[in-house]
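Here are my notes on the model, as numbered points. Please read them with the coordinates open.

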Amino acid sequence: MANSLPTEFDVIVMGTGLPESILAAACSRSGQRVLHLDSRSYYGGNWASFSFPGLLSWLKEHRQNSDTVEESPAAWQDMIHETEEAIPLCKKDETIQHAEVFCYASQGMDGNIEELDALQKNPCVASSTLIKPLDSTSLSEETHSSHITSYEVPTQDNNVDNNPKNNEEITDTAETSVKEEYCGYDTYKHTLSDGTKDEIKPVLENNSVPPKRKRIAYSQIVKEGRRFNIDLSSKLLYSQGLLIDLLIKSNVSRYAEFKNVTRILAFREGKVEQVPCSRADVFNSKELTMVEKRMLMKFLTFCLDYEQHPEEYQAFTQCSFSEYLKTKKLTPSLQHFILHSIAMMSESSCTTVDGLKATKNFLQCLGRFGNTPFLFPLYGQGEIPQCFCRMCAVFGGIYCLRHKVQCLVVDRESGRCKAIIDHLGQRINAKYFIVEDSYLSEETCSSVQYKQISRAVLITDQSVLKTDSDQQISILIVPPVEPGAHAVRIIELCSSTMTCMKDTYLVHLTCSSSKTAREDLESVVKKLFTPYSETEVDKEELPKPGLLWALYFNMRDSSGVSRSSYNGLPPNVYVCTGPDCGLGSEHAVKQAETLFHEIFPSEEFCPPPPNPEDIFFDGDEKPSEPLGTSNIVMAKLESSEGSKNLESSGKHLQN
């Protein structure tokens, strides 16, 4: 396919993260010839979602690629003319660091018992360096761990399918191979067809004795691995946010399905509580007194139109939001709820105006699609970039994964980039070039100061707050213990989100980095979860959910980097950044729209799709009178579906 690529395009996009995918869709929609490349074997970059075996493959390739010596310069230098110069691109993606994996679940009884015992007593190491074990209070003797020290994102993965809908599908044979190589034991083999059966237990009456915890072995997680969709970047969609508005406007929403986040939780005085959000929740809450309910409703009503009452907060504009809340005579519990669970701000860095603005935004998002302000896409956040890639392809964009770009070709006289040279030595010309930050070389980024995001992904057996329903989607903010530290955001997903198997929960932890991800997040994990062991499962009631498996890693945050920080970039080369630490994707949408208007100032950004009745194919006769006020678009579409609004489309939003 690569040899048959056209050599002339209007726009070449490198990287399939969210901002790049939105830009590619917008450019293709405006009639530009778009080539969208990615050196990886999957869509999404650091916005991607993986099945469990796909994630293990991703981790394994990190280790392999970190041990690989960079290739010598290819023959592309011979393709540079005398009037041109080349800007080499980065061969290694170092946006992921300090990955550490821990398995707390037993291996199961699929293989030799003695062999499994030996595995549990000896750490499973995927690199030459052993990590320090956790203290004895947090790990059982049977816990084994693995440490991934490489930073490389895979560039070629034969185990990963390129289907945009299921880009992480892996065969049973591949799953077994992954486990053998990943753990470093040649004798460790899994028979994936044999495992603990996932039996459905009948619902007990209210008077019945609660059932004991169901034993979940690691072999069952591997066997059901395709039911997992694990996000590298954990985010939610604000129901009145820029991304939802863009999905509706462009009709890209028809490619995805969403569920409401059902609960906003708070962590206070060592326990997890549910935060009332809507008016009905406030007055139905048993945690608040009648006086507190009235105080809370009065303050939230004020926040909805706080700009109309500047006298209420002008004297506190230089103060923190937490100090301002104390002046409103709110109880400590209400102050905690508003600061950490509604405004979702930290005590030290949030000003009064920022807190009021965040609270208003939270309240305005209530009620559009449910009782909370947030939506989550089924099958994970990795679906969203793929949806925009699909829109780009519908309007003629060309896609090529596993396609590395060796350099940018720059004209010496004009200083503009005129072409790229790929790993096959093909020279492809274009007018504009959009590059993901991780593609730029160390020399180009030598003046850039990056921030880091600490991430943890957990598989647990129960929710952090048990209720009658086991299908809850929750968000929880754990405030920092020490002044100046960062709050930890926790998103807990149930099996109905299509991100984990039945009887488990997928838990994402995120915060700004001060140390490695494990150092930043492990204390919070210990507060909320108990490492899983067979002895604990026998107990009928346990105060904390059991932790089955954990992954820690640091991710680069390039969202605050300005264009001027990069060295020697031609004026027609535009840089997109990776995921930021924020809860929503507003930064990615703003960046995509800003760059699009810089490139095509007279074009509309992602306009609504044309009405099928207004589309005329080559050779069709045009009507004598114009149809409506919109321009007639000459295009060939894959689908003739009309525009459907996410707000009114019930099949795309599941309550």
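1. Provenance. This is a predicted model, where local features need pLDDT of at least 70, side-chain atom pairs count only at pLDDT 80 or more, and totals for chains, interfaces and linings use all residues. Residues are numbered from 1 along each chain as its sequence is written, and side-chain values use heavy atoms, without hydrogens or water.

2. The α8/α10 pair. Helix α8 spans residues 290-304 and helix α10 residues 332-342; their axes come within 10 Å and cross at roughly 40 degrees. Helices (H or I, at least four residues) and strands (E, at least two) are DSSP runs, numbered from the N terminus. Axes are lines fitted to C-alpha atoms, for helices over the stretch in contact, with angles from 0 to 180 degrees between N-to-C directions. The two helices are therefore oblique to each other. Under 35 degrees would count as roughly parallel, over 145 as roughly antiparallel and 65 to 115 as roughly perpendicular, with the rest oblique.

3. Their contact. From α8 come E292, M295, L296, F299 and L300; from α10 come S333, L334, I338 and I342. Contact means heavy atoms within 4.5 Å. By class, the α8 contact with α10 has 7 nonpolar, 1 polar and 1 charged residues. Here Ala, Val, Leu, Ile, Met, Phe, Trp, Tyr, Cys and Pro count as nonpolar, Asp, Glu, Lys and Arg as charged, and the others, Gly among them, as polar.

4. Burial of α10. Is this helix enclosed or open? Of its 11 residues, 10 are buried, so α10 is largely enclosed by the rest of the structure. Buried means under 20% relative accessible area, exposed over 50%, partly exposed in between (1.4 Å probe, protein chains only). The buried residues of α10 pack against β10 (263-268), β11 (271-274), α8, α9 (321-327), α11 (352-365) and β19 (474-478).

5. Cores. The largest nonpolar core has 102 residues; F52, F299, F321, F374, L509 and W549 touch the most other members. Strand β23 (residues 546-557) gives the largest share of this core, 8 residues. A second, separate core of 47 residues includes L23, L237, I384 and Y432. A nonpolar core is a set of buried Ala, Val, Leu, Ile, Met, Phe, Trp, Tyr and Cys residues joined through side-chain atoms within 4.5 Å. F299 deserves a look: beyond four places in sequence, F299 contacts F321, Y324, L325, K328, L330, I338 and L356.

6. E84. This residue lies in strand β4 (residues 84-88). E84 is buried, with a relative accessible area of 2%. Beyond four places in sequence, the contacts of E84 are M79, V409, V410, R412, K418 and R427.

7. The β20-β21 loop. T504 sits between β20 (488-493) and β21 (505-512). T504 counts as buried, at 3% relative accessibility. I216 is 288 residues away from T504 in sequence, yet 8.7 Å away in space, C-alpha to C-alpha. D503 is in the loop between β20 and β21 too, but counts as partly exposed at 27% relative accessibility.

8. Positive phi. Most residues other than glycine have a negative phi. D503 has a positive phi near 70 degrees. N251 takes a positive phi of about 70 degrees, in the loop between α6 (242-250) and β9 (258-260). N251 counts as buried, at 1% relative accessibility.
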